[in-house]
Amino acid sequence: MAEIRLEKLTKEFKETLAVDHIDLVVEEGQFFSLLGPSGCGKTTTLRMIGGFEDPSSGAIYLGGDDVTDLPAYKRNVNTVFQSYALFPHLDVYNNVAYGLKRKKVDQADIKKRVEDMLVLVDLEGYGPRRINQMSGGQQQRVALARALVNRPAVLLLDEPLGALDLKLRNQMQLELKRIQREVGITFIYVTHDQEEAMRMSDRIAVMNAGRFEQVGAAQDVYKLPATAFVAGFLGASNLLDGEVEGADGSSAKVALAAGSTIALPAARLPNERGSVRIGVRPEKIFIEAAGSSGGGTENRGDNAIEAMVDISIYTGVSTSYECSTTDGSKVVVYVQNMGASADALAPGSKVRLSWHPEHTFAVEKNSSTEGGDNEMSDRGGTT
Amino acid sequence: MARRSRRWSPVPYLLTLPGALWLTVFFIVPMFTMFSVSFQEGNFEEGFVFTGYWQNYTNVLTRYDTQLFRSLAYGLIVTLVTLCLSYPMAYWIARRGGKNKNLFLLLILLPFFTPFIIRTLAWKQLLGDNSIILGTLKGWNLLPESYQVLATSTAVLSGLIYNFLPFMALPLYVALERMDPSLLDAATDLYSNRRQAFLRVTLPLSLPGVFAGSLLTFIPAVGDFINADLLGGVNTVMIGNVIQREFVTNLDYPEGAALSFLLMGMIVIGVFLYARVLGTEELTG
């Protein structure tokens, strides 16, 4: 059964539409991420589910019940706040026990549940500590324990790892995933970090300007972005302008402005004719000097274009090439540094870029703005 | 660098020296002098002699017990009323003040731009038998002609409350402003309604402000004599008035000194008990 269902949920702040008529279903026991840039409405959505923000219109269902008008303290959800929001006047034990005490659970039961929970989050014996004696990572665990100990139907997490340093962050991502599997509770996780979302989630909703751009399994969203925004926000991608030439059975042909015609599964075209943008991920492209005719026996893909190397950047594990096509479009390619054969192609070299039709996706020509301009440069080569 | 900082350095001590000297000359020495005076006998014309005459204390306690306990009672009432008046005000400014927080704080402090005595004299005008307030009400026959506020404890208390309100409001504001508002979200998330969230989170976290505000209000209010002087009558004489009279009119320095130390002792004990009740850890943490 669906644990959470949002129906045309909307939130207006004065002039701005923070959340714009979104519909969503999250199944029981899922690790679900709301991913988007800051200001996209993901935190507002979470706060409406938690009951801290009243929707302007629309409805929220929890396990089938309409909770839209239920105050936060009557909802069977708990939240891990971005700033942790631990009570500084209470020790760790009493922070974790806070919710159970309000629910009038009996003392012996509270003690047992709190202690079990402290073990689960790896804080056994920390009960009498004061909050200001705990490190950031430990406070994070206390916040998690304080929410989970109430056994909510859904746990809401609002960028809970945002304040931690990178190493601790990676460790806590695995930890959170482990805990989620162990307790089997539905997690709704808000983040602006696409890697974090992909690493942890069963399903992801990519949000932009108060709307969902795409909702789906992490792999599907990465492999087949539905919009230019998703393609740019979730990982790096190359987008090339083209015109649909027509379909031949399940395969369609698109003439690229860069000069060649490529193929892709027809079902992936957003429109049957006219202009589209063709996408391909940088790690899916093979690069070789023009006219070298491949040489190897491996199939390097039937889609190919001519280009010229602008910059090559050696990053140890891989080399990334920034190339420009004949029409001036930019294409980024990642090449794993496997051995001596991968001699760097010098800037200025003419190259042939090729990839498989099944690694090709297409988005609408005039769809929303491309997401995350930073993605190409700082998130590169992390496959 | 780290090693150097661990070595003994005279600088911090030199920095505290001016303040320490000032307090020694103008606070500690006079305190001991007055303490010694409180055990002296004699009169102003022939001079006072130290005889260890502790009866000064029992004498003033029996003679001025009414005024002493009245002052403590007034102090308590003033503290409680200012607390009740300023808490919602400080809360509102801290939470809802928005961009205008500083403006509201300025408004609270504005009366301080005029001297204490002038402000109290203004209250005397306001509370007068034929003032704007009472005169108007009497004119509408809502109050009998003989009704008066001046020279009653109501007048003294309202003057004290007015004058000491900011001393309570500002520490409360600081404590409430420092509180992370997401703690209230956390409390409601954990099944507390608004009332429980206030009692379990906001109130405990504002206790340092309540404590500081109470001290800043209670101590000067108990020892105040201006309000009783200007707004009160024979039945509202406070211990401050008595001490002032002993020193300035009666020229009985030993009894004045004994009364002062008696008052100080009572306040110190009271504050100590109060701190125990509120929990000192809250105040330092």
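In this predicted model, Glu159(A) and Lys42(A) form a salt bridge, with their closest N and O atoms 3.6 Å apart; a salt bridge is defined as a side-chain nitrogen of Lys or Arg within 4 Å of a carboxyl oxygen of Asp or Glu. The two partners belong to distant parts of the chain, 117 residues apart: Glu159(A) lies in the loop between β7 (154-158) and α5 (166-183) of chain A, and Lys42(A) in helix α1 (residues 42-50) of chain A. Helices (H or I, at least four residues) and strands (E, at least two) are DSSP runs, numbered from the N terminus. Over all chains, the structure holds 22 salt bridges.

**Basis of the values**

- Residues are numbered from 1 along each chain as its sequence is written, and chains are lettered from A and ligands numbered from 1 in the order in which they are written.
- Because this is a predicted model, local features need pLDDT of at least 70 and side-chain atom pairs count only at pLDDT 80 or more, while totals for chains, interfaces and linings use all residues; side-chain values use heavy atoms, with hydrogens and water left out.

**Confidence**

- The model has an ipTM of 0.81 and a pTM of 0.82.
- The mean pLDDT (the predictor's confidence in each residue, from 0 to 100) is 91 for chain B, where 95% of the residues score at least 70.
- Within chain B, α8(B) has the highest confidence, at a mean of 96, and α13(B) the lowest, at 48.
- Chain A averages a pLDDT of 88, and 91% of its residues score at least 70.
- Residues 371-383 of chain A have a pLDDT below 50, and this stretch has 25 contacts in the model beyond near neighbours in sequence; a contact means heavy atoms within 4.5 Å.

**Interface of chain B and chain A**

- The contact involves 22 residues of chain A and 19 residues of chain B.
- About 2,000 Å² is buried between the two chains, with 58% of it on carbon and sulfur atoms; buried area is the accessible area (1.4 Å probe) that two parts lose on being put together, summed over both.
- On the chain B side, Asp189(B), Leu190(B) and Tyr191(B) lose the most area to chain A, together 39% of what that side buries.
- The rule finds one salt bridge across this interface, and the side chains of Asp185(B) and Arg47(A) meet in a salt bridge at 3.0 Å, N to O.

**Domains**

- Chain A is assigned domain 1 (2-223) and domain 2 (236-364), with bounds that come from an automatic or database domain assignment.
- The C-alpha centres of these two domains of chain A lie 40 Å apart.
- Chain B is assigned domain 1 (13-53) and domain 2 (64-278), whose C-alpha centres lie 31 Å apart.

**Domain interface within chain B**

- Eight residues of domain 1 of chain B are in contact with eight residues of domain 2 of chain B.
- These two domains bury about 780 Å² between them, 87% of which comes from carbon and sulfur atoms.
- In domain 1 of chain B, Met34(B), Phe44(B) and Phe48(B) lose the most area to domain 2, together 50% of what that side buries.
- Across this domain interface the rule finds zero salt bridges and zero residue pairs in polar contact (both at pLDDT 80 or more).
- Helix α2 (residues 11-37) of chain B gives the largest share of the domain 1 side, four residues.
- The residues of that side divide into six nonpolar, two polar and no charged.

Technical notes:
A polar contact is a pair of N or O atoms within 3.5 Å; within protein, one must be able to donate a hydrogen and the other to accept it, and residues adjacent in sequence count only if both atoms are side-chain atoms. Ala, Val, Leu, Ile, Met, Phe, Trp, Tyr, Cys and Pro count as nonpolar, Asp, Glu, Lys and Arg as charged, and the others, Gly among them, as polar.
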